[in-house]
Amino acid sequence: MQILSNFSLKKYHTFGIDISAQYFTEVNTVATFKELQQNPIYKNNPLFILGGGSNLLFTKNYAGLVIKNNLKGMEVINKNEDYVWLKIAAGENWHSFVLWCVANNYGGVENLSLIPGCVGASPMQNIGAYGVEIKDVCDEVQAIDLQTGEERTFTNTDCQFGYRESVFKHIYKNKYLITAVVFKLNKKPVFNTSYGAIEQELKAMGVEPSIKAISDAVINIRSSKLPDPAKIGNAGSFFKNPEVSKQKHDELKQQFPNLVAYSLDNGNYKLAAGWLIEYCGFKGKRIGDAGVHVNQALVLVNYGTAKGEEIYKLSQQILDTVKDTFGVTLEREVNIY
Ligand code: FAD
Ligand code: NAP
C-alpha cells in the first residue's frame, strides 16, 4: 500500500476543482484497510473517505489522509420466491450495480439509474430520484469504525434514513468506513412511475413499464436534462428541496401562484428549490467560472477554473436571496469541506 503526499484531487471529484490532499491512498480490500489503520499517518491525521467524489465541494486543500475506497464485489447472498438479497462492496460504481440488477431482472433500483458515485456513499444521503430512495431497498449497511477498527452492521432502522439524510451524514459523519451494502430487491417488482416524466418518456418510447424500460426511460431523461460532470464540473443538486408547513405553503402560493410544491404524507409541503432559485433570477448566472446551470437552477457548476470558495460564495448568495424573497431557508445537500 502506497501513501502519496500532496496529491491532486482534481480528477477524483466531479466539481473538478484544483485542490490537493496532504496524504492520499487507495484501499482495495478490507485486509489492506486494517493494515492501513496501523500506519502512523492514519493514526495521526484527520481521515476522509472518498467514493466517486460526486457529492462534494472542497473549499480548501485537505489537511489529512484521503482514503479512496476501491472495495469491489457483487454477490447474491440469499433468495426466496419473492426477494433476492445482494451484498455489494462499497467501491462498486452505483450505476454499474443498477445495470447488473436490471440485467438480472431484480426490481427496486431501476428509478435510481445513472446516479454517479459509489455504492458505499449511497446510504450517506439516502440517495433518491423519481420517487425511490435507497431506504426502500437497503437491508443493512456494513461498516468499520475508523478509530477502533470494530466491525458493525447497521439495520435499515439504525440508518435513520430521511429525505437525503441518514445517521452517516450526522452523528456518524467521518466515523465509519462503509464497506458493503446489502440490498433486498424484488423478484416480482412493483413499478414506480409516479413521477410524470417517467410516464411521458415510456409513452414516447412506446413501451410498457418493466425494470429495463424504466431504467432506460430514466437514463434518457437524465442524459437530456442533467449536466454531465465529465463535460462541466458539478455535484448534482446543490440544495435540498425545503419542507414547509401547510400554512407557509398556502401563504406563498397566494403571493406566488406559480410556486411548484408537492404535498407530503405528514401534511407539510415540499417546495421545488429549483423553482425558488430560478424565480430569484439565478438560473444561468455566472460569476467568473462559478455558475448556476443554464437548464437546472438547482445545480451549481464549475466552468473551468472556479475555486471551491467561489462556488460556496455563490451558494451563500442564493441562500440569502431565497431567504429574503420567500422566508424559506435552503439547506446545502452537497458535503462541504
Ligand atoms: P462522495 O462524493 O465520494 O462522498 C460523499 C460523502 O460520503 C462524503 O462525505 C464521503 O466522505 C462519504 N463517503 C463516501 N463513501 C463512503 C464510504 N464508503 N464510507 C463512509 N463514508 C463515505 N444524488 C441523489 O441522491 N440523487 C440523484 O439523482 C443524484 N443525481 C446526481 C447527478 C449528478 C450529475 C451528480 C454529479 C450528482 C448526483 N447526486 C445525486 C449526488 C451523488 O451522486 C450521490 O450523493 C452519490 O451517492 C455520491 O456518491 P460518491 O461515491 O460520489 O460519494
Ligand atoms: P424534476 O423531475 O424536474 O422535478 C423537480 C422537483 O420536483 C424534484 O426535485 C422533485 O423532488 C420534485 N417532484 C417532481 N415530480 C414529483 C412528484 N410526482 N412527487 C413529488 N415530488 C416531485 O427534477 P429533476 O431535477 O429533473 O430530477 C429528477 C429526479 O432526479 C428527482 O427525483 C431529483 O431528486 C433527482 N436528482 C437528484 C440530484 C441530486 O444531486 N440529489 C440530481 C439530479 C436529479 P425530489 O428531488 O424530492 O425527487
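Asn105 sits in the loop between helix H3 (94–103) and strand E8. Helices (H or I, at least four residues) and strands (E, at least two) are DSSP runs, numbered from the N terminus. The model is predicted: local features need pLDDT of at least 70, side-chain atom pairs count only at pLDDT 80 or more, and totals for chains, interfaces and linings use all residues. Residues are numbered from 1 along each chain as its sequence is written, chains are lettered from A and ligands numbered from 1 in the order in which they are written, and side-chain values use heavy atoms, with hydrogens and water left out.

The backbone of Asn105 has a phi near 65°, a positive value in a residue other than glycine. Its relative accessible area is 47%, so Asn105 is partly exposed. Gln160 counts as exposed, because its relative accessibility is 56%.

Ala121 is found in the loop between H3 and E8. At 35% relative accessibility, Ala121 counts as partly exposed. Its C-alpha atom is separated by 8.7 Å from that of Leu50, 71 residues apart along the chain. Gly128 belongs to strand E8 (residues 128–129). With a relative accessible area of 16%, Gly128 is buried. Between the C-alpha atoms of Gly128 and Val109 there are 9.7 Å, and the two are 19 residues apart along the chain. Gly128 touches Leu112, Ile115, Glu133 and Arg164, not counting residues up to four places away in sequence. Contact means heavy atoms within 4.5 Å.

Ile144 lies in strand E10 (residues 138–145). It counts as buried, at 2% relative accessibility. Neighbours within four places in sequence are again left aside; the contacts of Ile144 then include Val30, Phe33, Lys34 and Gln37, and also Lys175, Tyr176, Leu177 and Thr179. Ile277 is 133 residues from Ile144 along the chain, and their C-alpha atoms are separated by 39 Å.

Leu185 is found in strand E12. Its relative accessibility is 0%, so Leu185 counts as buried. Tyr279 is 94 residues from Leu185 in sequence and 40 Å from Leu185 in space, C-alpha to C-alpha.

Aromatic rings come next. The structure holds 25 aromatic pairs. Rings of Phe, Tyr and Trp (its six-membered ring) pair if their centres lie within 6.5 Å; planes under 30 degrees apart count as stacked, over 60 as edge-to-face and the rest as tilted. The rings of Phe58 and Tyr337 have centres 6.1 Å apart and planes at 40°, so this pair is tilted. Phe58 lies in the loop between strand E4 (56–57) and strand E5 (62–69), and Tyr337 in the segment after strand E20 (335–336), so the pair ties together parts that are 279 residues apart in sequence. Phe58 counts as buried at 1% relative accessibility. Tyr337 is buried too, with a relative accessible area of 18%. Ring pairs link Phe48, Phe58, Tyr62 and Tyr337 into a cluster.

The chain as a whole has eight helices and 20 strands. For 337 residues, a compact globule would have a radius of gyration near 20 Å; the chain has 20 Å, which agrees. This radius is taken over C-alpha atoms, and the globule rule is 2.2 Å times the number of residues to the power 0.38. The C-alpha trace spans about 60 × 55 × 35 Å along its principal axes. Of the 337 residues, 50% count as buried. Among contacts between residues at least 6 apart in sequence, 60% join residues at least 24 apart.

Technical notes:
Buried means under 20% relative accessible area, exposed over 50%, partly exposed in between (1.4 Å probe, protein chains only).
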